[in-house]
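Visitor: Walk me through this one, please. I would like to start with one chain and then see how the chains meet.

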Amino acid sequence: MRWNRIVFKLGATIIFLFLVVLLPLGFVIDKIFSGFYFSQVQEDIERLSSRYAEAIAQSNNPMAVDMIEMMAEFSQVYLYIVDAKGKIVANAGIPSLPEGTWIPQEEIDMLARKNSIQKEYEDPLSGNRFLVSGKPIITEGNVFYGGVYVLSSIEAIHQSVQRVRDLLILSGTGAFFLALGFTFVLSRKLSDPLIAMERATRQIAKGKLDTRVNVTSGDELGSLAEAINDLAKNLQRYHDTRKEFFANISHELRTPITYIEGYAKILRDGLYESEEEKKQYLEIIHQEAKRLTRMIEDLFELSKMEEGKLDLHRERIDLAEVMENAVRKAHLRVSRKGLKIELDIEDDLPFVYGDGLRMEQIFINLLDNAIRYTEHGKISIKMWREEQNWVMIQIEDTGIGIPEHEIPFIFERFYRVEKSRSREYGGTGLGLAIVKQLVEWQGGEIRVFSEVGKGTRFQILFPAEPAKSGEAER
Amino acid sequence: MSRIEWLVSLLLVAAGLSCLTVSATILLNPDSIRPYLQTLLQICMWLGIPVFVAGLVYFIMKQRRRDF
């Protein structure tokens, strides 16, 4: 059994706290009880000695002392009575103080001054110790007659207290066992989720990324379990994406190379029938080589961005101008596909702080995407000031749209919505990944809304640069 | 928790309750088992007070969480 476990540490802490409370409390209870018992006995013997002293003082019977001695012996009360000179005249149950012996002079003086006496007495014959209460006998005429001493055995008190103390210890042990039983269950219940999470994370670390923790509570432990599950999901997705990335990159690179290799072989072996066919093959080789170059450039850029090595030449730029340039470049392809392009830019759009070329790259990539996936309809571009300090750019198409479950993944490298028709649509599968990186690098946000069959709307928000004097009237 | 762990904790609770029952009853010099059982019942009732309060608080919190 391994003792260095959270369940034992937690249990030991709870038990430690319990003992820290229980032991001093037990000690205090013992003290309270002993004190209470002693004071009770003291009160009893004081009351008894007062009663005997009053009885003797009020009695005219010379036999009163003998009667009280007899009664005390009969009732097993320890007592002795002294006369006015301090001589013991009656004794019940104290063999070491026989009749005729004398008590110390200072005691008789105290009694004569009507004072009570409280003391402890040790019997020299038996070795027993007694609590003693002495009361003066003062008759009605205010004459000092002597004193009555009533004794109670301290040993008996100690025995009684010890018995109660034993029972207190037994009840303390019972409380300890009870606490131990509940603490065991409690510490297991508290530590079980932690242990489950520790096991799950070990499994995840070993590569079993489908491991999940059962979330049972809404507290910090539940939140931790959810975080572990999210981490596992992200790792799983990262793992799948990486696998898919390597598969994609090899496929995407191999395809144009295969084309180039195949058509180059045809041309080398003269396996064409006309000059026109030869030109067609050369055009394919040229297109595929261009595609390959673009893909390698895109990959290179993306890796630079992901490593944080991208150089941005940031300055105050007019996004409207950048957009107009991008639209001009895309215009030819838009017209070839028979699409319409609408541009609606708000007046007095503030400047933003960014890299003009990279901004153009963002817009071109998004327009490129819109043209590629739109067969009929239009592409509308809107730009406006959003909440004073932001500039919103919206590019909306009437294309094929993106299924809702695929939207979270469209910014991943080589992720394609129409996987089976990716060659037909063209593109490298890296455009949106680059867009997202570039937007975020320049302090912006990108959002996408789409509906299958109706179209896709990309929205980009950039923080506006505060206008300098003279530029507000632009 | 495994079955053996539940058994151990139940035995500990039972031992604790027995000790408490004996210590609370023995000074009364009972002549039958009945006073022991009565004391045990009373101890269990005292034990049930915090359990009841904790259960009530848990129930109220659960209800509130459901309402929000």
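Predicted model: local features only at pLDDT ≥ 70, side-chain atom pairs only at ≥ 80, totals over all residues.

Visitor: What share of the residues in chain A is buried?

Guide: Chain A holds 10 helices and 12 strands. It runs to 474 residues. Buried here means under 20% relative accessible area. By that cut-off, the buried share of chain A is 39%.

Visitor: How much accessible surface does chain A have?
Guide: Carbon and sulfur atoms account for 55% of the accessible surface of chain A. The total for chain A is about 27,600 Å².

Visitor: How much area is buried between chain B and chain A?
Guide: The size of an interface is often given as the accessible area lost when the parts come together. Here 17 residues of chain B contact 17 residues of chain A. Carbon and sulfur atoms give 81% of the buried area. That area is about 1,600 Å².

Visitor: Which element gives the most to the lining of the second largest pocket?
Guide: The second largest pocket has about 560 Å³ of space and 15 lining residues. Helix H4 (154–205) of chain A and helix H2 (34–67) of chain B each give two or more. The top contributor gives 7 residues: H2(B).

Visitor: How many charged residues are in that lining of the second largest pocket?
Guide: Among the residues nearest the pocket centre are A:Asp219 and B:Arg65. Asp and Arg both count as charged. The lining also has 6 nonpolar and 4 polar residues. The charged residues number 5.

Definitions and conventions:
Residues numbered from 1 in each chain as written. Chains lettered and ligands numbered in written order. Heavy atoms only, no water. 1 Å grid on protein atoms, 1.4 Å probe; cavity = no way out; pocket = protein on both sides within 12 Å on 5 of 7 lines; lining within 4 Å. Points joined across faces, edges and corners; volume = space filled by probe spheres on them. Helix = DSSP H or I, 4+ residues; strand = E, 2+ residues; numbered from the N terminus. Buried < 20%, exposed > 50% of the residue type's maximum accessible area, 1.4 Å probe, protein only. Areas by Shrake-Rupley, 256 points an atom, 1.4 Å probe, with all protein chains shown as cover. Contact = heavy atoms within 4.5 Å. Buried area = accessible area lost by both parts, 1.4 Å probe.
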